[in-house]
Amino acid sequence: MCETCGCAVNHHPHEHHHGDGHEHRHDHGTAEAANGPHALLALNDRLAAGNRRHFREHGVTVVNIVSSPGSGKTALLERTIRSLATEMRVAAIVGDLATDNDAARLRSAGAPAHQITTGSACHLDAHMIHHALDDIRLADLDLLLIENVGNLVCPAAFDLGEDLFVVLLSTTEGEDKPLKYPVIFLKADAVVLNKTDLAVAVDFKRDAAMANIETAAPKAKVFTTSARTGDGVEAWLDYLRRHVKAKKGTFG
Amino acid sequence: MHEFGIAQGLMDVVLGRAREAGANRIEQVNLAIGVLAGVEEEALQFAFRALGEDTPAAETRLVIEKIPLRCYCRPCDAVFECKPFAYRCPTCGAASAEVRTGKELSLISMEVS
């Protein structure tokens, strides 16, 4: 049984019968008992806070990475793991609707990887991460990379308990992507512009893209990478190293 | 697509409250949804209607107040209203990502009978 979310407990709504043998009708109007504000994502936010507390207790830096499908999340994480796994303890959680192909790729790159197959859900939520943590020993970790489901809409609404929210976009997607998906970009702590090796082939306008990123994600650090060639990846790795070191130093 | 999950969470709360209040029908549910909440109003309305069939929420009016995006400008020490991806203070032009309103996703109140 899980005490945090009560999963294994029978939490289906159940009726209470008073058994007093007669029916009474009420005309309540606005019922007092039925009122008062309630945050609709309260459960997710509470579970995310629980995740965040666990991560902090173990000094684990957690990165939530989102992008469109096919922007290169897995490729960037493969390269990230290959570089960082020699100097720190890294693990990954990967969300996809189906298959564990991405987790297999990240395992080959050298990190334990836990695949969450969401079925039809278009995002990861704090509850899924909470349960994935059953399989991950936080005490043995410095950095946890969460590859969210490829989607630039829904993952914006679900806090997972991460330290860093990273949005990846690629040159092949066009310069105006940040303006089309403003909600998720505004949330970004960092934006990674990937596939710079293909920029010329797709006539990518870098200045326009950078201006759009700055407009849509004013607080984000920006990195330009080619996960395939490795170009620009070092600055991204340094960014992760700094955060891991800071969190270890504070809480470890 | 995730509106269905949000509607299910909302449904659980309002049906639970209606039951506690001994109500037969939920007349109206009032929500506040920020423009940055990432919730499509029509999809939420549809999901709520679909989930409410054969429950006290079958005829419920779902009234949604859209909360605009407002950011805080440090230089001006003022809050200004803006559109997503145009986070500039109209007075001084400074960019700001300090969101003050616009992320709401809340049940405000409900009426039952």
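**View 1. The interface between chains B and A.** Chain B places 32 residues in contact with 30 residues of chain A. Two residues count as in contact if their C-beta atoms, placed from the backbone, lie within 7 Å. Two elements of chain B, α1 (3-20) and β6 (105-112), each supply at least two residues of the side that touches chain A. Helix α1(B) gives the most to this side, with nine residues. Helices (H or I, at least four residues) and strands (E, at least two) are DSSP runs, numbered from the N terminus. By class, the side of chain B that touches chain A holds 20 nonpolar, nine polar and three charged residues. Ala, Val, Leu, Ile, Met, Phe, Trp, Tyr, Cys and Pro count as nonpolar; Asp, Glu, Lys and Arg as charged; the others, Gly among them, as polar.

The model is predicted: local features need pLDDT of at least 70, side-chain atom pairs count only at pLDDT 80 or more, and totals for chains, interfaces and linings use all residues. Residues are numbered from 1 along each chain as its sequence is written, while chains are lettered from A and ligands numbered from 1 in the order in which they are written. The predictor gives the complex an ipTM of 0.71 and a pTM of 0.82. Chain B averages a pLDDT of 91, and 99% of the residues score at least 70. Here pLDDT is the predictor's confidence in each residue, from 0 to 100.

**View 2. Helix α1(B) against helix α2(B).** The two helices, α1(B) and α2(B) (residues 41-52), pack with their axes 8 Å apart, at an angle of about 50°. Axes are lines fitted to C-alpha atoms, for helices over the stretch in contact, and angles run from 0 to 180 degrees between N-to-C directions. The pair α1(B) and α2(B) is therefore oblique. Angles under 35 degrees count as roughly parallel, over 145 as roughly antiparallel, 65 to 115 as roughly perpendicular and the rest as oblique. The crossing of α1(B) and α2(B) is right-handed. A crossing is right-handed if the near helix is turned clockwise from the far one by less than a right angle, and left-handed if anticlockwise. From α1(B) come B:Glu3, B:Phe4, B:Ile6, B:Ala7, B:Gln8, B:Leu10 and B:Met11; from α2(B) come B:Ala43, B:Leu44, B:Ala47, B:Phe48, B:Leu51 and B:Gly52. The residues of this contact divide into ten nonpolar, two polar and one charged.

**View 3. Helix α2(A) beside helix α3(A).** The axes of α2(A) (residues 73-84) and α3(A) (residues 101-109) come within 8 Å and cross at roughly 20°. Helices α2(A) and α3(A) are therefore roughly parallel. Their crossing is right-handed. On α2(A), A:Thr74, A:Leu77, A:Glu78, A:Ile81 and A:Arg82 meet A:Asp102, A:Arg105, A:Leu106 and A:Ala109 on α3(A). This contact comprises four nonpolar, one polar and four charged residues.

View 4. A:Ile93 lies in strand β3 (residues 90-96) of chain A. A:Ile93 is buried, with 26 other C-beta atoms within 10 Å. A residue is buried if 20 or more other C-beta atoms lie within 10 Å of its own, exposed if 12 or fewer, and partly exposed in between; C-beta atoms are placed from the backbone. Neighbours within four places in sequence aside, A:Ile93 is in contact with A:His114, A:Ile116, A:Ile129, A:Ala132, A:Leu144 and A:Ile146. A:Thr172 is 79 residues from A:Ile93 in sequence and 26 Å away in space, C-alpha to C-alpha.

**View 5. A:Ala132 in helix α4(A).** A:Ala132 belongs to helix α4 (residues 126-132) of chain A. A:Ala132 is buried, with 21 other C-beta atoms within 10 Å. Apart from neighbours within four places in sequence, A:Ala132 is in contact with A:Ile93, A:His114 and A:Ile116. The C-alpha atoms of A:Ala132 and A:Ile93 are separated by 7.7 Å, with the residues 39 apart along the chain.
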